[in-house]
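The structure is shown first, and the description follows.

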Amino acid sequence: MNTQDTYPSAVKLSEETIKFLSNYEVAPTPINFSVIYYYLSKKDEKMNLLLDEYISWNGSLDAVFIESIFLEFFSNSEDVEKVFFTPFENTLTSTIEQLERQAINGEQITKNFKKADRVLANSDQANSLKPLVNFINSTLIDSQQQHSELACELEKTYKQVNQLKSQLKASREEAMRDSLTGLYNRRGCEEKLKDLTLESTHSSVSIDIDHFKKFNDDFGHTIGDKVIQRVATTIEEHISADDFAVRFGGEEFMVVLANKTKEEARNIAEKIRIAITNLKLKKKNSNTYLPSISISAGIAEYQEYQNWKSVFELADSALYQAKHAGRNCCVVL
C-alpha cells in the first residue's frame, strides 16, 4: 500500500480480495484480507512469487500459509506501520473528511434552493413569471431528490469506509499478537514499550520453559504447542492490566511489569513458576498425564541510564544463571 492509492481503487481491490478469498474458501479475517489485498495490489514481487508458487503447487490456499506470509512480510517488519497501515488509514481518513464536506455543502445548497423557492412563490409578479416559477420549482424538486439520493449514497459509503477502518484497526492489533498464544509479539512489545513512562520504575522477567525440546521430541509439536499455550495463559493470569507478556519465539517469553521493582517482579515470577509447576496436562487420546512442566526466570529492573534492549539482555543473563542453577527457579540481577 502506498500513498497513491485512491478510495475507488481501494474499494475495487477490497472487492477483488473478498472474491479471491471466497474462491479459495478462506475466511476474510483481518490478516487474510490484508495479505491478499497487498498481493492483488502487486506491490511486493517476492511475496507474490511465494503465493503464486504455493497456489501452483497445491492448487489451493489456506489461512496457515497466509499467516506465515503475514508474519514474514508484515508483522516483524520495522516498516510495516509506514508501508502498510498508516498510508491505508490516511487514505480512509481523507475519504471520510471529503464525504463530510460534500454532505455539508449539499445541505447548504438545499437550504438556498428552498429560500429561492419561497421568494419566487411570494413574488407580486408570480403570475407573469408562472412558467419560470414552475420550471425552477421543478428543477428544485429534481435537485433536492438528487441530493437526497446522493446523501443516501454518501451515508452508505461512509459506513463502508468506517467498516474498512475498523478492519484496519483489527489488522493492526492482530499484527501485534502472536498467533499461537495471543500474547504480544516482538513488534507488539515495541509498541507497548512506547506507552511506559521511563521516569517510573519498571521490571522485566525473561521466562523459558525447561527441557521443552523433550516435549516436542516425545509427544510431538501439537502437544508442544498446547504446553506453550497453557504456560502463556498462566503468565497472563498472574500479571495486572498495566503489565504485558510477550512471546519472543519458541518457548521464550518476556514479561514487562509496569511500576514494579525487581523485588516485586520476583514475587510475581515466583507465583507464575509455582502455578506452572502445578499444571496437570492430560493427553486426550490416552487419558494419561504429561510430565510436569517447569520454567526458569530471570529478572531485571529498568534503570535511567539503560534502554529496554539492555534491560532485556540483563534479564536474559539472569535467566541463563537460573538454568545453570538447576532450572525451575528465579534469579534477580
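## An ion pair at K194

K194 is exposed, with a relative accessibility of 61%; the classes used here are buried for under 20% relative accessible area, exposed for over 50%, and partly exposed in between, with a 1.4 Å probe and protein chains only. The side chain of K194 meets that of E191 in a salt bridge, at 3.2 Å from N to O, where a salt bridge is a side-chain nitrogen of Lys or Arg within 4 Å of a carboxyl oxygen of Asp or Glu. E191, at 27% relative accessibility, is partly exposed.

## Basis of the description

The model is predicted: local features need pLDDT of at least 70 and side-chain atom pairs count only at pLDDT 80 or more, while totals for chains, interfaces and linings use all residues. Residues are numbered from 1 along each chain as its sequence is written, and side-chain values use heavy atoms, with hydrogens and water left out.

## Other salt bridges

The structure holds eight salt bridges. One of them joins the side chains of D178 and R247, with an N to O distance of 3.3 Å. D178 lies in the loop between helix 6 (130–175) and helix 7 (186–193), and R247 belongs to strand 2 (residues 244–249), so this pair ties together parts that are 69 residues apart in sequence. Helices (H or I, at least four residues) and strands (E, at least two) are DSSP runs, numbered from the N terminus. D178 is buried, at 14% relative accessible area, and R247 is buried, also at 14%.

Within helix 10 (residues 262–277), E270 and R273 are three residues apart, a separation of about one helical turn. Their salt bridge has its closest N and O atoms 2.9 Å apart. E270 is partly exposed at 22% relative accessibility, whereas R273 is buried at 15%. Elsewhere, a network of salt bridges links D208, D210 and K323.

## Cysteines

How many disulfides does the count come to? The count is zero, a disulfide being a pair of cysteine sulfur atoms within 2.5 Å. For the sulfur of C329, the closest cysteine sulfur is that of C330, 6.8 Å away and too far for a bond. C329 is buried at 18% relative accessibility, and C330 is buried at 6%.

## R266 and its contacts

R266 lies in helix 10 and is partly exposed, with a relative accessible area of 38%. Leaving aside residues up to four places away in sequence, R266 touches I299, C330 and V332; contact means heavy atoms within 4.5 Å. The C-alpha atoms of R266 and A297 are separated by 8.9 Å, although these residues are 31 residues apart along the chain.

## Packing of helix 9

Helix 9 (residues 221–237) comprises 17 residues and reaches 24 Å from its first C-alpha to its last, close to the 24 Å expected at 1.5 Å a residue. The expected span is 1.5 Å times one less than the number of residues in the helix.

Which residues of helix 9 are buried? They are I223, G224, V227, I228, V231, A232, T234 and I235. These buried residues pack against strand 1 (203–209), helix 8 (212–219), strand 2, strand 3 (252–257) and helix 10.
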